[in-house]
There are 2 protein chains.
Amino acid sequence: MFSERQQQIVGTAIKIIANNGIQNLTTKNIAKEIGISEPALYRHFNSKLEILKAVISYFQIKMQPASEKLKKNSNALNKIENFMLEHLKIINQNPDFAKVIFSEANFQNEEDLILKMNNMMNQSHKILEAVVQSGQNNNEIRNDISSLSIIRIIIGSMRLLVTQWSMSGMIFNLENEGKQLNDDIKKLINEK
Amino acid sequence: MFSERQQQIVGTAIKIIANNGIQNLTTKNIAKEIGISEPALYRHFNSKLEILKAVISYFQIKMQPASEKLKKNSNALNKIENFMLEHLKIINQNPDFAKVIFSEANFQNEEDLILKMNNMMNQSHKILEAVVQSGQNNNEIRNDISSLSIIRIIIGSMRLLVTQWSMSGMIFNLENEGKQLNDDIKKLINEK
DNA sequence: ATTATCTTTGTTAGTATTCACTAACTTGGT
DNA sequence: ACCAAGTTAGTGAATACTAACAAAGATAAT
């Protein structure tokens, strides 16, 4: 789908966003970092917006394995645990992602980008909702709490954890803290 | 502290960020929206950065009442409930805030702004932590869950709720959904 | 096999536009 | 007469993007 040069451009864009903020994501900076001229970029992407779209696609592809964990055959709480830990594992392995994720607000006025980003998020939320509800039907997850609240708790706390990790300069172990958080959530929502 | 004109400038900046994204927050747009010339802005602020700092200060002042709820004399669960609901009430009354709040990533490369924003958040987290821990000591809040996880759940789910509300175009009632979320969190963390 | 052409990917040198900000002047209230 | 708060006109720097050309390898014709 993406040529090697295109992948290099996308990777460089992510690196720049992570290190210097999206304000410094300029065609000039991308070209300089790669070591080619600015117009050469336009041989591979029609516009800067196309590059940003590719960044989201790349992100989406990389995060896919986390959503897959929600589909594997297992009980609900295990699926959720695997989802969370896989999610954090991927981010831990690609720390640049953490800062790009939260730039969703920066994409605010680019309709296409918002849609692309929203679709990505809603997708995993939908699957997660089904998992939570089936868990509630099996008396595996507490039934006196709305599935919506449970989802908000899971996704919200996970995102906050990543934010804190990223903003702290990654001084703590993301996967360990994630495991702790997941254990606590499991304790809270499981139907004894 | 801030003159009327300064308040108008800050308010206009917030409006622009909310409606058009921070990329469109330009001195030109602020001036045009107010109906004065661009250089007139510089009679009231030394630079655009100063305007952004004022935006954060304004935000901080407006959000203060929410943190105050954590200090009022009451039991832990009530304090948390009042904190959450007050927070959402303020945001509901100032919908423009929602989009500015979680744009901390936008301030990424402005050291001063990051610090200002981080201080603001850590402040309420610290107070919340004390409330949760005292609740745990009083056997009011479950003790088998780390206070850190509880805080992440409360703040994380609340932030996600606001994000969803803002991204959905505010189609649902933020305060009602907040009440529901808080009820569910209370059920989860209270020590029966 | 050699030559000719095409395509891909790069280059240098520019474009118009926009940005935050400034210089110099004006006006109206105290 | 002074001063706060406005104006018009303009600055250099940066931005996304383009025009025109160059080189080199693949493809095709002779």
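Student: Which residues is A:Ile80 in contact with, leaving aside its neighbours within four places in sequence?
Tutor: Contact here means heavy atoms within 4.5 Å. With neighbours within four places in sequence set aside, the partners of A:Ile80 are A:Leu70, A:Leu128, A:Val131, A:Val132, A:Ile141, A:Ile154 and A:Asn182.

Student: What kind of model is this?
Tutor: Residues are numbered from 1 along each chain as its sequence is written, while chains are lettered from A and ligands numbered from 1 in the order in which they are written. Side-chain values use heavy atoms, with hydrogens and water left out; local features need pLDDT of at least 70, side-chain atom pairs count only at pLDDT 80 or more, and totals for chains, interfaces and linings use all residues, this being a predicted model.

Student: Is A:Ile80 buried or exposed?
Tutor: A:Ile80 is found in helix 5 of chain A; helices are DSSP runs of H or I with at least four residues, strands are runs of E with at least two, and both are numbered from the N terminus. Under 20% relative accessible area is buried, over 50% is exposed, and in between is partly exposed (1.4 Å probe, protein chains only). A:Ile80 has a relative accessible area of 3%, so it counts as buried.

Student: How far apart are the C-alpha atoms of A:Ile80 and A:Leu128?
Tutor: A:Ile80 and A:Leu128 do touch. Along the chain they are 48 residues apart, but their C-alpha atoms are separated by 7.6 Å.

Student: How do helix 5 and helix 7 of chain A run relative to each other?
Tutor: Axes are lines fitted to C-alpha atoms, for helices over the stretch in contact, with angles from 0 to 180 degrees between N-to-C directions. The axes of helix 5 (residues 76-93) and helix 7 (residues 111-137) of chain A come within 8 Å and cross at roughly 150°. Angles over 145 degrees count as roughly antiparallel, under 35 as roughly parallel, 65 to 115 as roughly perpendicular, and the rest as oblique. That is why helix 5 of chain A and helix 7 of chain A are roughly antiparallel.

Student: How do the residues of that contact divide into nonpolar, polar and charged?
Tutor: On the helix 5 side of chain A sit A:Ala76, A:Lys79, A:Ile80 and A:Phe83, meeting A:Ser124, A:Leu128, A:Val131, A:Val132 and A:Gly135 of helix 7. Ala, Val, Leu, Ile, Met, Phe, Trp, Tyr, Cys and Pro count as nonpolar, Asp, Glu, Lys and Arg as charged, and the others, Gly among them, as polar. The tally for this contact of helix 5 with helix 7 of chain A is six nonpolar, two polar and one charged.

Student: What does A:His87 touch, not counting residues up to four places away in sequence?
Tutor: A:His87 is in helix 5 of chain A too, and it is buried, with a relative accessible area of 19%. Not counting residues up to four places away, A:His87 touches A:Met63, A:Ala66 and A:Met158.

Student: Where is the kink in helix 4 of chain B?
Tutor: A bend is the angle between axes fitted to the seven residues ending at a residue and the seven starting there. In helix 4 of chain B, a kink of about 35° comes shortly before the proline B:Pro65, at B:Lys62.

Student: How many helices does chain A have?
Tutor: From the N terminus on, the elements of chain A run α-α-α-α-α-α-α-α-α. With zero strands, the secondary structure of chain A comes to nine helices.
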